[in-house]
Amino acid sequence: MAVGKIYAPVAGNPRLAKSLIVAKILGLDIETTPDFVMGETNKSEDFLSKFPLGKTPAFVDSKSGYKLTDSSAIAYHLAGRDEGNSKGLLGRTNEETGSILQYMFFSEAEIVPAFMELFYMCEGFNPYLKPVFQLNEDRLKRFLGALDHILLDKTYLVGERLTIADIVMVCNLAMVMKLYATKDYRKTIKNVTRYFWTMVRKQEFASIFGGSSFEFCVEQMKPQPPQKQQKQPKEQKPKEQKPKAEEKPKAEEKAEEEEKPAPKPKNPLDLLPPSPFVLDDWKRFYSNNDTKPAAMDYFWKNFDAEGWSIWQVDYKYNDELTLVFMSNNLIRGFLTRIERARKYAFGSLLTLGENNDNMIHGYFLVRGQEVIFEIYDAADYESFQFTKVDPSDPAVREKVGDVFAWEGPTLPKPCADGQVFK
Ligand SMILES: N[C@@H](CCC(=O)N[C@@H](CS)C(=O)NCC(=O)O)C(=O)O
């Protein structure tokens with residue numbers, strides 16, 4: 001029987017790998033969650049009731065129900081299930097354990113955050129900010145340089161045997177080595193590269209990272225082009241909706257704040273005449289019914305063209321898109337940044353096509369007759385073309401239905417993936 005279950009996406013997950021490697025070494029049976037969908041499973045009520053942080057990996061002991069989050073904490077806990085510490089994964093002396101923790105924290109608190117800042121900007125999760133990017137490149141260089149120095153005469157980080165410090169470090173380095181550290185870069189951290197290469201070929205790591213087939217970085221990941229976020233606003237921006245406070249110089253704003261608490265500006269959308277179309281009812285109906293025909297019949301029956309507008313949304317730089325998962329990450333990043341629009345909008349944005357030949361296309365339903373502040377305020381709004389469409393046109397209705405359903409004859413290309421903003 002499995003000693004416990006780890007909730008996390010399984011494929012290629014270096015955070016989950018830490019625990020799987022420990023389990024392999026100690027012969028522990030761990031249940032995993034191959035059906036886990038990031039952004040859905042970890043946002044479910046059931047998951048959040050167990051793990052309020054909503055993050056993975058997350059562990060539950062099958063006997064005691066003991067719960068734990070954080071990949072390194074879980075791996076450390078599992079390493080402690082070694083009767084008599086026969087493998088010594090947690091060190092054999094108090095000093096060794098201290099050093100193990102030192103390297104684990106170094107890896108988690110320094111290397112990983114610096115790398116993830118770069119990764120998120122390259123994947124489009126965070127807007128590209130050149131100084132922040134450079135700062136983190138410098139930080140990563142400094143940390144890997146220090147690690148290189150530490151590893152000058154070492155095979156393992158602590159003592160002469162594999163410990164949990166190596167497992168955590170190697171798993172954390174895997175993404176750096178795959179996506180960032182090109183051949184030239186690796187030449188500047190020869191000891192780190194030698195250490196990583198030695199470890200990934202060990203049988204404990206090989207089944208996870210492919211052993212000798214591990215694919216080192218050939219071309220370094222790149223941030224999203226900055227000009228996309230710096231383009232001039234389009235004329236369709238309804239500037240008057242922008243709360244005045246945003247235009248004031250910072251110092252003036254600060255002085256005012258100190259004098260009196262700023263009154264919370266009423267959202268102009270809440271002042272529109274009430275609409276018979278209830279967004280929450282629609283979202284619920286859409287989630288609980290087949291999109292075609294049931295949900296779309298409901299949608300058009302209840303749609304209120306005076307209170308709501310429909311917008312075709314197209315990514316402006318479709319010809320720069322490459323892998324489907326990256327396009328979908330770009331969509332996810334945008335939808336995260338318009339989070340505040342949830343009360344006033346619904347939409348479906350799809351990645352259509354295939355790797356190296358795909359486009360981002362969709363439709364949004366928006367309260368009122370303009371693109372709302374909560375959407376155009378997003379840093380990457382300018383990368384998307386919002387075009388108002390005529391909801392009384394049957395051809396438009398069919399296209400909206402196909403995009404909301406993620407399938408249908410009017411999609412310009414077959415749907416590869418997508419995100420619903422609801
Ligand atoms: N330090 C944590 C980080 C966990 C983490 O950020 N996990 C990501 C997935 S790899 C996550 O759950 N993200 C969802 C969210 O932030 O809502 C660990 O190593 O477990």
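Author: Gladly! Keep in mind that this model is predicted. Let's start with Glu-219, which counts as exposed at 62% relative accessibility.

Reader: Which side chain does Glu-219 meet in a salt bridge?

Author: First the general idea: side chains of opposite charge can pair when their charged atoms come close. Here, Glu-219 meets the side chain of Lys-222, with 3.6 Å from N to O. Lys-222 is exposed too, its relative accessible area being 54%.

Reader: How many salt bridges does the count come to?

Author: The count comes to 12 salt bridges. One of them joins Asp-281 to Arg-284, where the closest N and O atoms are 3.3 Å apart.

Reader: Where do Asp-281 and Arg-284 lie?

Author: Both belong to helix H12 (residues 279-288), and three residues, about one turn of the helix, separate them. Asp-281 is partly exposed at 33% relative accessibility, and Arg-284 is partly exposed at 48%.

Reader: And which parts of the chain does the pair of Lys-5 and Glu-31 link?

Author: In that salt bridge, the closest N and O atoms of Lys-5 and Glu-31 are 3.7 Å apart. The pair links distant parts of the chain: Lys-5 sits in strand E1 (residues 4-7) and Glu-31 in strand E2 (residues 30-31), 26 residues apart.

Reader: Is Lys-5 buried, partly exposed or exposed?

Author: Buried would require under 20% relative accessible area. Lys-5 has 24% relative accessibility, so Lys-5 counts as partly exposed.

Terms used:
Residues are numbered from 1 along each chain as its sequence is written. This is a predicted model: local features need pLDDT of at least 70, side-chain atom pairs count only at pLDDT 80 or more; totals for chains, interfaces and linings use all residues. Side-chain values use heavy atoms; hydrogens and water are left out. A salt bridge is a side-chain nitrogen of Lys or Arg within 4 Å of a carboxyl oxygen of Asp or Glu. Helices (H or I, at least four residues) and strands (E, at least two) are DSSP runs, numbered from the N terminus. Buried means under 20% relative accessible area, exposed over 50%, partly exposed in between (1.4 Å probe, protein chains only).
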